[in-house]
Amino acid sequence: AVVPPVALVLRAKLALAAAEKKAVAEVRDEIKAGIVNGLVAQRELCPPPLRKTADELILFRTLALLPLFLLALSSHPVLQTPRADPTAAPDALAAQAHDLRLLPTELACLALLPGLLTVHDRALSDGWAPAEDTSAGPAASRPPAAAPDPPPDAAGGAEAAPKPSATPSAAEEVREVLLPRASDVSAGSVLLLDTLHELTLWVGAHASPAFLEQLFGTSRRAPLLEAGSNTDVDRMHALLATLRAQRPSYAPLRVMCQGSAASDARLFSRLYANAYEPFLFQLIAEQRPRL
């Protein structure tokens, strides 16, 4: 049986090992070739009428996610050329690659495919978004533990760690957006993007002012209020502490507001489901003879 998260992490670690000896562009080409090899091999297991058609790919459900996973892998900063991100520091990228190779499967998947939690949706309520029937994501369901201490000079919009006296209880259910796309992002929402090493609280332009005042003490962007200020911000601190509990290092929180190029790029560039169909179409065009 194919377990997509395990397959993704194994492929990531093989790609990072290959990148030590080859150009990253060559490694990304090998990732694409690996996708095609898997598609061709699994097609032979399909019933004869489904083995090949002119304009579509037939996939088993477990394999249908692999192109998306490998798109996320090939888009990771450690596999980008300097031209793609001239501001990236080589030492920082090398450290990311080293850390990624050492992470357990669950955390490596989160680093490659970030989680997106709906904290607030004004269309549903003026407070926390109801969980409804959607279970919390794997990270949100982890048992709470003591989070690592933040660096003493954390700055640049990062919020201070909660005081030791504000020990969080189990995080309450938060609705996770599975395979999120840009169409799932509402200007009336507050979303928490979890990329393992950083947590980004994205505040929509039309989020409830009353809810924002509960979190920040103002309807504008500001650091989170301290734990103990009110029940809503206490719940946020408990959620953050639970998400941080099993990380290899302290994950700072960045508060970003809709409307600035930097904040929107930080969120939308990590919604890989947006690029799934274009990625497959490009793959088909490049590899049509084999497919």
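This is a predicted model: local features need pLDDT of at least 70, side-chain atom pairs count only at pLDDT 80 or more; totals for chains, interfaces and linings use all residues.
**Entry 1: a pair of strands**

I began with strand β1, residues 115–121, and strand β3, residues 189–194. I found six bridges joining them, and the two run antiparallel.

Strands of a sheet pair through backbone hydrogen bonds, in either a parallel or an antiparallel way.

**Entry 2: the whole sheet**

Next I asked myself in what order the strands of the sheet stand. I read off β2-β1-β3-β4-β5, an open sheet of five strands with mixed pairing. Which strands stand at the edges? They are β2 (175–176) and β5 (253–257), and each has a single partner strand, so one side of each has no neighbour in the sheet.

I then followed β5 to its partner. Strand β4, residues 199–203, pairs with β5 in the parallel sense, over five bridges. Here Val-203 stands opposite Cys-257 in β5.

Is β5 largely enclosed or left open? Four of its five residues are buried, so β5 is largely enclosed by the rest of the structure. I liked this one: β5 is an edge strand of the sheet, yet most of its residues are buried.

**Entry 3: two helices**

I moved on to helix α1 (residues 4–19) and helix α4 (residues 66–74). Two packed helices are described by an angle and a distance, both taken between their axes. For α1 and α4 I noted an angle of about 35° and axes 10 Å apart. The crossing of α1 past α4 is right-handed.

Which residues meet there? From α1 I listed Pro-4, Pro-5, Ala-7, Leu-8, Arg-11, Ala-12 and Ala-15, and from α4 Leu-66, Phe-69, Leu-70 and Leu-73. Sorted by class, this contact has ten nonpolar residues, one charged and no polar.

**Entry 4: one leucine**

I picked Leu-283, which lies in helix α10, residues 276–287. Buried or exposed? Its relative accessible area is 1%, and under 20% counts as buried, so Leu-283 is buried. I also checked Leu-283 against Ala-33: they are 250 residues apart along the chain, but their C-alpha atoms are separated by 9.3 Å.

**Entry 5: the chain overall**

To finish, I stepped back. I counted ten helices and five strands in the protein chain. Of its 291 residues, 43% are buried. Among contacts between residues at least 6 apart in sequence, 72% join residues at least 24 apart. The accessible surface comes to about 14800 Å², and 57% of it belongs to carbon and sulfur atoms.

Notes
Residues are numbered from 1 along each chain as its sequence is written. Side-chain values use heavy atoms; hydrogens and water are left out. Axes are lines fitted to C-alpha atoms, for helices over the stretch in contact, and angles run from 0 to 180 degrees between N-to-C directions. A crossing is left-handed if the near helix is turned anticlockwise from the far one by less than a right angle, and right-handed if clockwise. Contact means heavy atoms within 4.5 Å. Ala, Val, Leu, Ile, Met, Phe, Trp, Tyr, Cys and Pro count as nonpolar, Asp, Glu, Lys and Arg as charged, and the others, Gly among them, as polar. Two strands pair if DSSP finds at least two bridges between them. Buried means under 20% relative accessible area, exposed over 50%, partly exposed in between (1.4 Å probe, protein chains only). Accessible areas come from the Shrake-Rupley method with a 1.4 Å probe; for residues, only the protein chains shown count as cover.
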